[in-house]
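Please read the numbered points with the sequence and the model in view.

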Amino acid sequence: MALRIKKGDLVVVRKGKDRGKTGRVLRVFPGKNRALVEGANLVKKHLRRRGENQPSGIVEVPSPINLSNLALWCNNCKRGVRFSIKILEDKSKVRICKKCGQVL
Ligand SMILES: [Zn+2]
């Protein structure tokens, strides 16, 4: 389970209305197998007015996407890719693009 998609990763959406969209992972919900991705799977949310300087209205916020619908973005391949885990000599793990072998 460790070292899959993490906060801060650049991912691409593989399914749904935002297919092909890329964004940074804002948050991962490991128990739910879901992640929040910047700018993806937006839902409208109504804001309640809380003060003079806070306008009420509707904002669009990302809602969690199933991890299986996300792929890690590879800068070398310029696309979302599958990756494998490689264990280095110092026992640390890195993610390797299955297509080009680049460390992701
Ligand atoms: Zn690659």
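How many bridges join strand 2 to strand 3? Four bridges join strand 2 to strand 3 (residues 34–37), and the two strands run antiparallel.

1. Basis of the note. This is a predicted model, in which local features need pLDDT of at least 70 and side-chain atom pairs count only at pLDDT 80 or more, while totals for chains, interfaces and linings use all residues. Residues are numbered from 1 along each chain as its sequence is written.

2. Secondary structure. The protein chain has zero helices and 10 strands. Both kinds of element are DSSP runs numbered from the N terminus, helices being H or I of at least four residues and strands E of at least two. Along the sequence the pattern reads β-β-β-β-β-β-β-β-β-β.

3. Overall dimensions. The radius of gyration of the protein chain is 17 Å, whereas a compact globule of 104 residues would have one near 13 Å. This radius is taken over C-alpha atoms, and the globule rule is 2.2 Å times the number of residues to the power 0.38. Along the principal axes, the C-alpha atoms fill a box of roughly 55 × 30 × 25 Å.

4. Six strands form an open sheet in the order 6-3-2-1-7-8, with antiparallel pairing. Strand 6 (65–66) and strand 8 (79–81) are at the edges with a single partner strand each, so one side of each has no neighbour in the sheet. Two strands are taken to pair if DSSP finds at least two bridges between them.

5. Pairings of strand 1. Strand 1 (residues 10–13) runs antiparallel to strand 2 (residues 22–29), and three bridges join them. Leucine 10 has arginine 24 of strand 2 as its bridge partner. Strand 1 also pairs with strand 7 (residues 70–74) in the antiparallel sense, over three bridges. In that pairing valine 11 stands opposite leucine 72 of strand 7.

6. The hairpin of strands 2 and 3. Valine 28 stands opposite alanine 35 in strand 3, and valine 25 stands opposite valine 37 in strand 3. Four residues lie between the strands of this hairpin, where asparagine 33 takes a positive phi near 60°.

7. The nonpolar core. Which residues make up the largest nonpolar core? The 10 residues are Val11, Val12, Val13, Val25, Val28, Ala35, Val37, Ala40, Ile65 and Leu70. Strand 1, strand 2 and strand 3 are the elements that give two or more residues to this core, and the largest share, three residues, comes from strand 1. Such a core is a set of buried Ala, Val, Leu, Ile, Met, Phe, Trp, Tyr and Cys residues joined through C-beta atoms within 7 Å. A residue is buried if 20 or more other C-beta atoms lie within 10 Å of its own, exposed if 12 or fewer, and partly exposed in between, with C-beta atoms placed from the backbone. Of the 104 residues of the protein chain, 16% count as buried.

8. Contacts. Two residues are in contact if their C-beta atoms, placed from the backbone, lie within 7 Å. Setting aside residues up to four places away in sequence, valine 11 touches residues including Ile5, Val25, Val37, Leu70 and Trp73. Among contacts between residues at least 6 apart in sequence, 38% join residues at least 24 apart.

9. Strands 9 and 10. Five bridges join strand 9 (residues 83–87) to strand 10 (residues 93–97), and these strands run antiparallel. Phenylalanine 83 stands opposite cysteine 97 in strand 10. The two strands form a hairpin with five residues between them, and lysine 91 in the turn has a positive phi of about 75°.

10. Beyond its neighbours within four places in sequence, valine 61 is in contact with Leu42, Val43 and Lys45. Histidine 46 lies in strand 4 (residues 42–47) and is exposed, with 8 other C-beta atoms within 10 Å. Histidine 46 and arginine 95 are 49 residues apart in sequence and 39 Å apart in space, C-alpha to C-alpha.
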